[in-house]
Amino acid sequence: MLIQWNDAWRVGNSAIDYDHQMLVNITNQLWDIKNNPRVRNAEIARILGQLVEYVKRHFEREEAIFLASDYPHKKEHIAMHRELTKVVEDIGVVFNREPDLLNFDEIMAFLKRWLMDHIVKHDMGYKDYIGEGATKKRRHVA
């Protein structure tokens, strides 16, 4: 297992916490499958595609939640999301074209570092604004 989920990473919103756990699970699945010598590139491409789609859906959900709050760093946070989405999409494109060009150890190290860093440092910044026990002012989401 590449990443072990830690309950200390919970931001207090069940949808976002679930998404974060799913991103960890998909990343671990990619790690496991890449390290299996019997796995074909088509299966790796499928998991990469799943990761790309889940990243996009998660960011849409997360942004909708914090955009409806008084979270002060919305713009910067969305910019980080766009950057990661582009990187993950690019990994998928390169893999589909020329899988041998990618260093999967570097990719997995990047994904692990990014997930943990983003959740622990950046997503925790909106915890007080969006969590079920939020202490900062929240706007109603219709």
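1. Apart from neighbours within four places in sequence, aspartate 19 is in contact with Tyr54, His58 and Arg61, contact meaning heavy atoms within 4.5 Å. Aspartate 19 belongs to helix α1, residues 14-34; helices (H or I, at least four residues) and strands (E, at least two) are DSSP runs, numbered from the N terminus. With a relative accessibility of 1%, aspartate 19 counts as buried. Buried stands for under 20% relative accessible area, exposed for over 50%, and partly exposed for values in between (1.4 Å probe, protein chains only).

2. A remark on the basis of this note: the model is predicted, local features need pLDDT of at least 70, side-chain atom pairs count only at pLDDT 80 or more, and totals for chains, interfaces and linings use all residues. Residues are numbered from 1 along each chain as its sequence is written, and side-chain values use heavy atoms, with hydrogens and water left out.

3. The packing of α2 and α4 deserves a description. The axes of these two helices come within 15 Å and cross at roughly 20°. That makes α2 roughly parallel to α4. Axes are lines fitted to C-alpha atoms, for helices over the stretch in contact, and angles run from 0 to 180 degrees between N-to-C directions. Angles under 35 degrees count as roughly parallel, over 145 as roughly antiparallel, 65 to 115 as roughly perpendicular and the rest as oblique. The α2 and α4 crossing is left-handed; a crossing is given this term if the near helix is turned anticlockwise from the far one by less than a right angle, and is right-handed if clockwise. On the α2 side, Ile44, Leu48, Leu51, Phe59 and Glu62 meet Phe104, Leu111, Trp114 and His118 of α4.

4. Leucine 48 is placed in helix α2 and counts as buried at 3% relative accessibility. Not counting residues up to four places away in sequence, leucine 48 touches Leu30, Ile91, Gly92, Phe95 and Phe104. Between leucine 48 and glutamine 29, which are 19 residues apart in sequence, the C-alpha to C-alpha separation is 9.8 Å.

5. Helix α4 also packs with α3. Helix α3 (residues 74-97) and α4 have their axes 13 Å apart, at an angle of about 165°. That makes α3 roughly antiparallel to α4. The crossing of α3 and α4 is left-handed. From α3, the contact is made by His77, Met80, His81, Leu84, Val87, Val88, Ile91 and Phe95, and from α4 by Phe104, Ile107, Phe110, Leu111, Trp114, His118 and His122.

6. Histidine 118 is found in α4 and, at 3% relative accessibility, counts as buried. Its contacts, leaving out residues up to four places away in sequence, are Glu62, His77, Met80, His81 and Asp123.

7. As to phenylalanine 104, the charged end of lysine 34 sits over its ring, 5.1 Å from the centre. A charge is said to sit over a ring if NZ of Lys or CZ of Arg is within 6 Å of the ring centre and within 35 degrees of the ring normal.

8. Seven aromatic pairs are found in a search of the whole structure. The ring centres of phenylalanine 66 and tyrosine 71 are 5.2 Å apart and their planes stand at 65°, so this pair is edge-to-face. Rings of Phe, Tyr and Trp (its six-membered ring) pair if their centres lie within 6.5 Å; planes under 30 degrees apart count as stacked, over 60 as edge-to-face and the rest as tilted. Phenylalanine 66 and tyrosine 71 are both buried.

9. Phenylalanine 66 also pairs with tyrosine 126: the ring centres are 5.6 Å apart and the planes at 35°, so the pair is tilted. Phenylalanine 66 lies in helix α2 (residues 41-67) and tyrosine 126 in the loop between α4 (104-122) and α5 (127-130), so the pair ties together parts that are 60 residues apart in sequence. Tyrosine 126 is buried, as is phenylalanine 66. Ring pairs link Phe66, Tyr71, Tyr126 and Tyr129 into a cluster.

10. Alanine 68, in the loop between α2 and α3, is buried, with a relative accessible area of 15%. Its C-alpha atom is separated by 9.5 Å from that of tyrosine 129, 61 residues apart along the chain. Alanine 8 lies in the segment before α1 and is exposed, with a relative accessible area of 56%. The C-alpha atoms of alanine 8 and glutamate 53 are separated by 25 Å, the two residues being 45 residues apart along the chain.
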